[in-house]
Amino acid sequence: MKNNILLILIMVATIFSCSDEFLEPDPISFVNENSFFQNEEQLVTAVIDMYDGIQGVNTTSTNFNHGIQFEFQLTEMRSDNTRTKASEGEQAQFERFEVQPTNGVVADYYRSFYNVIFRSNVVLQNLGVASEANAGAIEGEAKFVRAYAYFNLVRLYGDVPLIDRVISPTEEDIAFTRVATSEIYQLIVSDLETAVATLDNMHKNRASKAAAETLLAKVHLTLKNYNLAQTLLESVMSSGFTLEPNFKDVFYNENNNEVIFAIGYIGDNVQDSQGFSAEWLNAVGRTSGINYLTDEAKLILDEKGGNRTQYSYRIDIEQPTQHQVVKYLPDGDASLGIAPTSGDPTLAGNDWIVLRYADVLLMHVEAIMAGGTTTGDASAIASFQAVRNRAGLTDPVSNISLQDLLDERRVELAFENHRLFDLIRLGVAESVLGDFAADNGLTFSATDLLLPIPEAEIGLSKERMNQNPGY
């Protein structure tokens, strides 16, 4: 955490744009934390900087904040969806449920998202320079980003430090005091309620009212506040978003009608590109292939994916027994009608979709089920059927079981970093992952549902931070 308590001077020097929608701030010289934020235009550069923190640095080198670029390793590869191709390297710890507190990706994600929280707190600290007309929206945007970061952290690491303001390097007790998840969730809910009240729906690569409503609904589902979640989701459903008629266009016609919130990337731009989608491909990425399909994921996509399957995975032509993820395919595929997003696949321009309308519809079903095992509610069936119809699965549905919902979410949102959280939220993670581990000669226990607190953080805390059970 010491490294995350940065001077504004350092923050300003690292501001980059996240998509065509973002501003390209001019370089600023000879500024410091006391002199920089003098007007709203300067504050907006800090707003953009929040998204740059989520976007992360496109490099496989350590000692960089990679933002969401390695998130799939902490989510998809800790579920029954994906694995490494050769079960080698640090990444294999995730698929084997043998994650170590020294794991560099675990530490990078923790550090990255506290850096995002810091950037959000900087914006909130300097709201006084914003105009009266825009201060509310800027506050909502900063609080959305902070809530998003904390929601990811609390689901992955459990009790974490709660830092709701810019703190000084001497306030180590705050930086290294783990707070109960219930208290973290109070901040998340409060922040998102502010965002819902202050934002509009002008943006897709930045916070919006619909993004805040969708994220807050997912938080309430996690907290089992089903009625609150349903109300929020039905608000989004009346806000003009629609399913794309062609599943492929969700991922290759960016900022389409289905996207609610996405992190923008620009191809062939060292500062604003992403490299994770190249990591998923053999001989294209900078590793030998990670985030490859498990046999179980391939099987359910073949059985229940409909027209989504061909845009979810493909055979590795160099090793036909292996199967690659092709959502966000960086190098194109003429047979699928997908063009490259960059001249260099490791400098890909594929945006990362965080929230989309299909997720809203399936969460709507979950909210109506309200923790039950089945529903025949007409409104839930309409939402469920709409997702299936787009996939070409038009047989009428008259009843939806919990397993039906789990399966539909798995094939619709495959490899979008939802599966692990779905299993946990719907109360089946231990049984599903336990069976998956046993079938594959692995060992899984309930303590594997949380990541370890990075060993480096515990060291910096001078042992004030305790480790999660099982590590």
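Biologist: Why are helix 14 and helix 15 called roughly antiparallel to each other?

Modeller: Helix 14 (residues 357-369) and helix 15 (residues 378-390) pack at about 150°, with their axes 8 Å apart. Angles over 145 degrees count as roughly antiparallel, under 35 as roughly parallel, 65 to 115 as roughly perpendicular and the rest as oblique. At about 150°, helix 14 and helix 15 therefore get the antiparallel label. Keep in mind that this is a predicted model, where local features need pLDDT of at least 70, side-chain atom pairs need 80 or more, and totals for chains, interfaces and linings use all residues. Residues are numbered from 1 along each chain as its sequence is written, and side-chain values use heavy atoms, leaving out hydrogens and water.

Biologist: Left-handed or right-handed: which is the crossing of helix 14 and helix 15?

Modeller: Left-handed. As for the terms, left-handed means the near helix is turned anticlockwise from the far one by less than a right angle, and clockwise is right-handed. Ala, Val, Leu, Ile, Met, Phe, Trp, Tyr, Cys and Pro count as nonpolar, Asp, Glu, Lys and Arg as charged, and the others, Gly among them, as polar.

Biologist: Why are helix 2 and helix 5 roughly antiparallel to each other?

Modeller: The axes of helix 2 (residues 40-55) and helix 5 (residues 104-125) come within 9 Å and cross at roughly 165°. That angle clears the antiparallel cut-off, so the label applies. Helix 2 passes helix 5 in a left-handed crossing.

Biologist: What makes helix 5 roughly antiparallel to helix 6?

Modeller: The axes of helix 5 and helix 6 (residues 132-157) come within 9 Å and cross at roughly 155°. That makes the pair roughly antiparallel too. The contact divides into 18 nonpolar, three polar and three charged residues.

Biologist: How do you know that Asp 108 and Arg 111 meet in a salt bridge?

Modeller: A salt bridge is a side-chain nitrogen of Lys or Arg within 4 Å of a carboxyl oxygen of Asp or Glu. Asp 108 and Arg 111 come to 3.1 Å, N to O, and qualify. Both lie in helix 5, three residues apart, about one turn of the helix.

Biologist: Buried or partly exposed: what do Asp 108 and Arg 111 count as?

Modeller: Buried means under 20% relative accessible area, exposed over 50%, partly exposed in between (1.4 Å probe, protein chains only). Asp 108 has 4%, so it counts as buried. Arg 111 has 22%, so it counts as partly exposed.

Biologist: What parts does the pair of Asp 316 and Lys 85 tie together?

Modeller: Asp 316 and Lys 85 form a salt bridge at 3.6 Å, N to O. Asp 316 lies in the loop between strand 6 (313-315) and strand 7 (323-325) and Lys 85 in the loop between strand 1 (82-83) and helix 4 (92-95), so the pair ties together parts 231 residues apart in sequence. Asp 316 has 2% relative accessibility and counts as buried, and Lys 85, with 12%, counts as buried as well.

Methods: Axes are lines fitted to C-alpha atoms, for helices over the stretch in contact, and angles run from 0 to 180 degrees between N-to-C directions. Helices (H or I, at least four residues) and strands (E, at least two) are DSSP runs, numbered from the N terminus.
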